[in-house]
Amino acid sequence: MDKKYNQNTYMNVIVDFIRNTTYKDIPDGVREVVKYAFKDTIGVSLAAVDTVETKIVKEIIIEANEEMEDVSAIELALDGKGMERALLFGTMSHVLDFDDVNFTFQGHPSVTLIPIILTIAKERNLTGQEMMRAYAIGFEVEARIGESIGGRQYSQGYHTTSTVGIFGAVAAMSALMDFDAKQIKQAFGLASSLAAGSRKNFGTMTKPLHIGYLNQNVYLLSQLIKKGLTATTDIFSDPISIDTLTTGEKLDLSNIYKVGKTWELEEFGIIFKKYPCCAYTHRSIDGVLELVNKYDISADEVENIEVIVHYHVPKVLIYPNAKTALEGKFSMQYCLAAALFDREITLQTFTDENVHREKIQDLMSKVVMTVDKEQEEGSGSKEKAATVKINTKSKTLEKKVDNPIGHPANPFTEKDMHQKFTMCLKNNYESAVIESLYGKLTSLEQQQYNSILKDMLYQK
């Protein structure tokens with residue numbers, strides 16, 4: 001059998017990449033993207049400290065530990081026990097839906113990697129280079145597995161951030177724990193029994209909990225494998241290969257052979273979010289905001305808003321009549337109504353009170369979403385554009401957006417990232433601490449984790 005189609009080698013390719021990739025092997029440009037990912041993920045995670053989801057998970061952890069004194073969510077997420085840190089920080093990282101995305105992987109990469117990396121870093125006082133190496137390894141592994149099976153999983157309703165991302169997290173953990181080949185294979189095997197997450201829970205508090213459980217489970221399995229627990233050593237081989245198990249089909253997994261040869265972090269990169277809502281809304285939000293601010297459009301003069309999108313978009317944005325802030329994050333109608341009326345999309349956009357505004361509900365009814373004929377199902381097209389048309393009583397204004405702000409083709413500048421980071425932390429941290437932490441993450445390759453941890457724990 002040609003190696004390209006030899007399923008028995010996929011696991012070995014991944015093992016070799018984890019075991020043999022050094023920090024020096026990571027391209028310079030990739031290192032810069034990785035540091036952006038740490039800034040972004042730590043920022044959006046710390047911004048979620050006062051959310052209901054964070055408070056619920058924190059309370060459950062404290063109630064399960066009868067002797068534990070009441071501590072802040074930040075202290076528990078960064079300074080608690082291993083599985084508690086992984087669960088809470090992992091949940092916090094995805095609560096706001098403000099974290100980055102990659103569509104080769106078919107999900108949110110950094111929340112599957114950075115919480116478990118920080119959890120292990122606390123125990124080992126890792127260097128920045130060790131953390132960056134683990135991130136790059138985990139990202140590349142989950143990108144290539146996602147490229148092979150993520151699309152089919154996602155279309156069937158899986159939340160691939162967790163069902164595929166868990167394997168990236170295991171790769172990152174294995175690199176940090178210096179697992180041998182057998183341990184890595186068994187860690188992947190155990191993870192295959194813990195991979196879970198349904199898109200039916202998008203727009204609810206359960207979605208970020210998928211990521212909390214992912215990170216908690218990877219920490220747990222790291223300890224189990226270290227103590228000798230066994231599991232299957234090849235999730236890609238027949239019978240019951242991971243592709244067949246999760247999609248019902250035998251898929252071509254040959255993209256896994258790109259691992260270590262073509263860096264996804266260099267070839268495409270990461271989309272960093274400008275807005276704290278589903279990435280499938282961002283092109284359209286950019287379009288509305290540009291038109292509104294350029295032509296000074298009043299909500300009262302708008303008859304309707306047409307938005308023409310890729311066929312995936314209406315399948316993911318499943319709340320046309322959003323009634324809660326969480327549903328609003330997955331509602332094209334709410335996001336565009338808010339963008340038109342408020343002329344901005346911020347963290348404050350997504351409150352139940354703002355969703356319930358009478359004027360917003362009226363505007364939502366005027367948003368019509370249709371599928372672009374060039375991006376319809378069966379066309380083979382990836383999402384490549386969204387077109388917004390604002391029809392007023394006197395004219396039609398149109399904007400086509402190819403790449404949203406934060407896309408590698410329309411990238412965040414250092415100023416953009418600094419502004420987002422500051423916005424995320426300003427309610428709970430002094431300016432001097434924010435600047436100190438940002439500076440350390442900018443020079444992450446020169447840092448030790450304990451120095452970074454000190455700043456993260458230093459709240460107002």
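This is a predicted model: local features need pLDDT of at least 70, side-chain atom pairs count only at pLDDT 80 or more; totals for chains, interfaces and linings use all residues.
Trainee: In E4, what is the bridge partner of Lys-389?

Mentor: Glu-398 is the bridge partner of Lys-389. Residues are numbered from 1 along each chain as its sequence is written, and side-chain values use heavy atoms, with hydrogens and water left out.

Trainee: And for Val-388, which residue in E4 is the bridge partner?

Mentor: That is Lys-399. Six bridges join E3 to E4, and the two strands run antiparallel. Strands count as paired if DSSP finds at least two bridges between them.

Trainee: What joins E3 to E4?

Mentor: A hairpin, through three residues.

Trainee: What about E1, how many bridges join it to E3?

Mentor: Six, between strand E1 (residues 302-309) and strand E3 (residues 386-392), which run antiparallel. Val-302 has Thr-392 of E3 as its bridge partner, and Asn-304 has Asn-391.

Trainee: In what order do the strands sit in the sheet?

Mentor: The order is E2-E1-E3-E4, four strands in an open sheet with mixed pairing. At the edges are strand E2 (367-371) and strand E4 (396-401), each pairing on one side only. From one strand to the next the twist averages 15 degrees. Angles run from 0 to 180 degrees between N-to-C directions, with axes fitted to C-alpha atoms, for helices over the stretch in contact.

Trainee: Why is E3 largely enclosed by the rest of the structure?

Mentor: Because six of the seven residues of E3 are buried. Buried means under 20% relative accessible area, exposed means over 50%, and partly exposed is in between (1.4 Å probe, protein chains only).

Trainee: Which strands does helix H14 lie across?

Mentor: Helix H14 (residues 282-295) lies across E1, E3 and E4, at about 140 degrees to E4. Helix H17 (residues 332-342) also packs on the sheet and touches E1 and E2, with its direction at about 130 degrees to that of E1. Contact here means heavy atoms within 4.5 Å.

Trainee: New topic. Where is Asp-296?

Mentor: Asp-296 is in the loop between H14 and E1. Its phi is positive, about 50 degrees, although it is not a glycine.

Trainee: Is Asp-296 buried or exposed?

Mentor: Exposed, because its relative accessibility is 52%. Asp-97 has a positive phi of about 50 degrees too, and is not a glycine. Asp-97 lies in the loop between helix H5 (82-95) and helix H6 (110-124). At 3% relative accessibility, Asp-97 is buried.

Trainee: Is the peptide bond from Asp-238 to Pro-239 cis or trans?

Mentor: Cis, with omega near -5 degrees. Pro-239 is in the loop between helix H11 (206-226) and helix H12 (242-247).

Trainee: Which residues form the nonpolar patch on the surface?

Mentor: Val-52, Ile-56, Ile-60 and Met-205, with about 350 Å² of accessible area together. Patch residues have over 30% relative accessible area and no salt bridge; like charges are joined within 9 Å, nonpolar side chains (Val, Leu, Ile, Met, Phe, Trp, Tyr) within 5 Å. A salt bridge is a Lys or Arg side-chain nitrogen within 4 Å of an Asp or Glu carboxyl oxygen. Areas come from the Shrake-Rupley method with a 1.4 Å probe, and for residues only the protein chains shown count as cover.

Trainee: Where is Val-52 found?

Mentor: In helix H3 (residues 52-64). Val-52 is partly exposed, at a relative accessible area of 46%.
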